Amino acid sequence: KEEDILQAEVAWVGDCGAILIPENAKPVALTRNHRLTNGKEKRRVEKELENSNERDDLIRSDLWRIDVQEYQQEGVEPMARSFIDYRKDKNGRKVGIQTAFAHTEGVSLQVTRSIGDRKGARSVISTPDISRFSIKKGSINRIIVANGGLFDVFSVDTVSKLASRKKNPRNAAKYLATKAKRTRLYKGAPIDDITVVVLDICF
């Protein structure tokens with residue numbers, strides 16, 4: 001029956017993600033990273049770059065027009081194309097995954113969708129993706145929302161197992177964040193911001 005099902009949606013951009021842990025069932029990833037490792041996103045970015053190779057196309061928005069004017073006042077001609085490449089260390093070796101570089105200042109982002117990155121590549125958009133899911137009436141479900149600080153370290157299954165050790169959602173969130181930080185330090189990985197929210201839903 002429809003009245004026995006709760007229909008819900010989750011919207012996201014960038015490396016923020018969410019997983020659903022249904023009662024007595026396997027965890028389900030509700031999101032997929034907006035990065036160039038995501039084939040669908042890479043195709044979108046490449047198409048965007050192909051269509052923005054002319055300077056006139058670059059300055060259609062007021063925001064980009066202001067950027068161009070500022071650089072011209074300083075005697076600098078901004079590049080008319082964003083591009084995909086790897087970040088490099090001081091020895092010129094590739095580091096990490098492919099990123100989208102902006103047309104000015106060489107600003108690069110690993111995410112292909114973001115909110116508030118004014119200097120990001122033009123192909124980095126703020127339009128969220130939306131996924132839909134359902135919850136059965138009377139069931140207990142846990143939803144974990146976090147950024148790459150957590151999901152870059154742990155798989156969906158590992159996050160689910162760790163979260164199951166804490167019944168209180170607030171304690172579960174703190175536990176996950178602490179475990180992610182310790183794991184990063186142990187592996188020698190760069191410290192990233194870690195945000196975790198745990199919600200228990202039953203209707």
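A residue is called buried when its relative accessible area is under 20%, exposed when that area is over 50%, and partly exposed in between, using a 1.4 Å probe and protein chains only. With that in hand, let's walk through the structure. It is a predicted model, in which local features need pLDDT of at least 70 and side-chain atom pairs count only at pLDDT 80 or more, while totals for chains, interfaces and linings use all residues. Residues are numbered from 1 along each chain as its sequence is written, and side-chain values use heavy atoms, leaving out hydrogens and water.

The chain has 203 residues, 38% of them buried. Its secondary structure holds six helices and nine strands (DSSP runs numbered from the N terminus: helices are H or I with at least four residues, strands E with at least two).

Our first stop is Asn-141, in strand E8, which covers residues 141-146. Asn-141 counts as buried because its relative accessible area is 4%. Leaving aside residues up to four places away in sequence, Asn-141 touches several others, including Leu-20, Pro-22, Ile-135 and Leu-199 (contact means heavy atoms within 4.5 Å). Among contacts in the chain between residues at least 6 apart in sequence, 61% join residues at least 24 apart.

Now look at Val-197, found in strand E9, residues 196-201. Val-197 is partly exposed because its relative accessible area is 39%.
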